[in-house]
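Good morning, colleagues. Please look at the sequence and the structure as I put them up.

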Amino acid sequence: LSSSSAASDVYKRQLYNLATAHRLTGDQASYRRCLFMAAQRQPQIPQALYEITLIHVREGRMEEARRTLQRAVQNGLDGQLVEDLVRQVPQLGSEKN
């Protein structure tokens, strides 16, 4: 990787990293805001999409959770994470709630 490409990769992850910092400090509102912004601006970060999927699941929004999880998979989310989540939340594997 060139130095400009490496710098670009770091820049792309800044919002996700900020969201993670907010989560670790317990600031859930800022975590959620930064996480959704990160996914909107850098949809190629599958971990951000995965975490949004978890938020949708907690809120009972299964259709949105399924769509977001599908985007995460398309962007390279680890298959084991998907299998584990679908095992824990079987509704994600079905078409209807």
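Of the 97 residues in the chain, 35% are buried, where buried means under 20% relative accessible area, exposed means over 50%, and partly exposed lies in between, with a 1.4 Å probe and protein chains only. This is a predicted model, in which local features need pLDDT of at least 70 and side-chain atom pairs count only at pLDDT 80 or more, while totals for chains, interfaces and linings use all residues. Residues are numbered from 1 along each chain as its sequence is written, and side-chain values use heavy atoms, with hydrogens and water left out.

The secondary structure comprises five helices and zero strands, and it reads α-α-α-α-α along the sequence. Helices here are DSSP runs of H or I with at least four residues, strands are runs of E with at least two, and both are numbered from the N terminus. Among contacts with a separation of 6 or more, 48% are between residues 24 or more positions apart; contact means heavy atoms within 4.5 Å.

I turn now to one helix pair. How do H2 and H3 pack? Helix H2, residues 28-41, and helix H3, residues 46-58, pack at an angle of about 130 degrees, with their axes 9 Å apart. The axes are lines fitted to C-alpha atoms over the stretch in contact, and angles run from 0 to 180 degrees between N-to-C directions. H2 and H3 are therefore oblique to each other, since angles under 35 degrees count as roughly parallel, over 145 as roughly antiparallel, 65 to 115 as roughly perpendicular and the rest as oblique. On the H2 side, the contact is made by Tyr31, Arg32, Leu35, Phe36 and Ala39; H3 contributes Ala48, Leu49, Glu51, Ile52, Ile55 and His56.

Next, two residues of helix H4. Thr68 lies in H4 and counts as buried because its relative accessibility is 8%. Leaving aside residues up to four places away in sequence, Thr68 touches Leu49, Ile52, Thr53 and His56.

Is Glu63 buried or partly exposed? Glu63, found in helix H4, residues 62-74, counts as partly exposed because its relative accessibility is 35%. The side chains of Glu63 and Arg66 are joined by a polar contact of 3.0 Å, a term for a pair of N or O atoms within 3.5 Å, of which, within protein, one must be able to donate a hydrogen and the other to accept it, and residues adjacent in sequence count only if both atoms are side-chain atoms. Finally, Glu63 and Gln91 are 28 residues apart in sequence, and their C-alpha atoms are 9.2 Å apart in space.
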